[in-house]
Amino acid sequence: MAKVIAVCNQKGGVGKTVTTVNLGIGLARAGKKVLLVDMDAQASLTLSLGYEPEKMENTISAIMGKYISDNDGAINVMECILHHKEKVDLLPSNIELSGLEAALVNTMSRETVLRNCLKVLREKYDYIIVDCSPSLGMLTINSLAFADTVLIPVQAQYLSMKGLEQLIRTIFKVKMHINKKLEISGILITMANMRTNYSKELVALLHQNYDGKLHIFQEYIPMSIKAAEISAEGTSIYIHDKNGKVAKAYESFVQEVLTWQK
């Protein structure tokens, strides 16, 4: 059965999608069968893997929309999966997902629509990684209801860290009321410039506040223009800059995840 990881932070620009791409492809490089699920209406994950969301009909919003509508029958989930050249599969997204959030409000068991739609995929993969919407709305609640564990990327900046408490409260509410098996696998520090005292002080503050409460991954992802470039290339950092510091950091992080998830 697949381990479902929700990559989640309600603040945008923290390296959430970049982490989803490079964690997923890193796990695939380690021999794991991996599915990536784009739960963001901006379709950042779909775009980052080189696809054009506006040209797609078989998306995660189509699957969920069919499930909650009165139409008979359901979309074959397997027919919606794209196979990326770096050996990960993708359930893509597009702007139609933004309209689905409003439709979910009046849906029975609205928090578990994604889980019900994708439960058939659990036995087909080792890992399913969900790139959550940068909000704490119904799409993110659906992602958390489906997940086994939550990975929280946090940029080494003050405002990014200030939003952590609200996110953690939301995760524990989902655990209490909807998904009792949900856990937080850890906090990943991203876009860090450890040559500056500012980043060092914020990382120290993060450890001060959460050591003993939440796991903080030992590896951190350094600030690099190379990491930002991969979204336009449709490839992972392992191809775009295979000998660079970000590729090495993600390789180490993937090994931590493999060890942590055993």
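Residues are numbered from 1 along each chain as its sequence is written. In this predicted model local features need pLDDT of at least 70 and side-chain atom pairs count only at pLDDT 80 or more, while totals for chains, interfaces and linings use all residues; side-chain values use heavy atoms, with hydrogens and water left out.

Biologist: At what angle do helix H1 and helix H12 pack?
Modeller: Helices are DSSP runs of H or I, at least four residues, and strands are runs of E, at least two, numbered from the N terminus. H1 covers residues 16–29 and H12 residues 245–260, with axes 9 Å apart. Axes are lines fitted to C-alpha atoms, for helices over the stretch in contact, and angles run from 0 to 180 degrees between N-to-C directions. The angle is about 70°.

Biologist: Which residues of H12 meet H1?
Modeller: Contact means heavy atoms within 4.5 Å. From H1, the residues involved are Val18, Thr19, Asn22, Leu23, Gly26, Leu27 and Arg29. Their partners in H12 are Tyr250, Glu251, Phe253, Val254, Val257 and Leu258.

Biologist: Is Leu104 buried or exposed?
Modeller: Leu104 is in helix H4, residues 96–104. Not counting residues up to four places away in sequence, Leu104 touches Met64, Ile68, Arg110, Val113, Met138, Leu139 and Asn142. Buried means under 20% relative accessible area, exposed over 50%, and partly exposed in between (1.4 Å probe, protein chains only). Because its relative accessibility is 0%, Leu104 counts as buried.

Biologist: What is the phi of Ala43?
Modeller: Ala43 lies in the loop between strand S2 (34–38) and helix H2 (44–48). At 1% relative accessibility, Ala43 counts as buried. Although Ala43 is not a glycine, its phi is positive, at about 55°.

Biologist: What relative accessible area does Met191 have?
Modeller: Met191 is in the loop between strand S7 (183–190) and helix H9 (197–210). Met191 is not a glycine, yet has a positive phi of about 50°. Met191 is partly exposed, and its relative accessible area is 27%.

Biologist: How many disulfides does the structure hold?
Modeller: A disulfide is a pair of cysteine sulfur atoms within 2.5 Å. The closest cysteine sulfur to that of Cys80 is in Cys117, 10 Å away, so the two are too far apart for a bond. Cys132 is in no disulfide either, with the nearest cysteine sulfur, that of Cys8, 4.3 Å away. The number of disulfides is zero.
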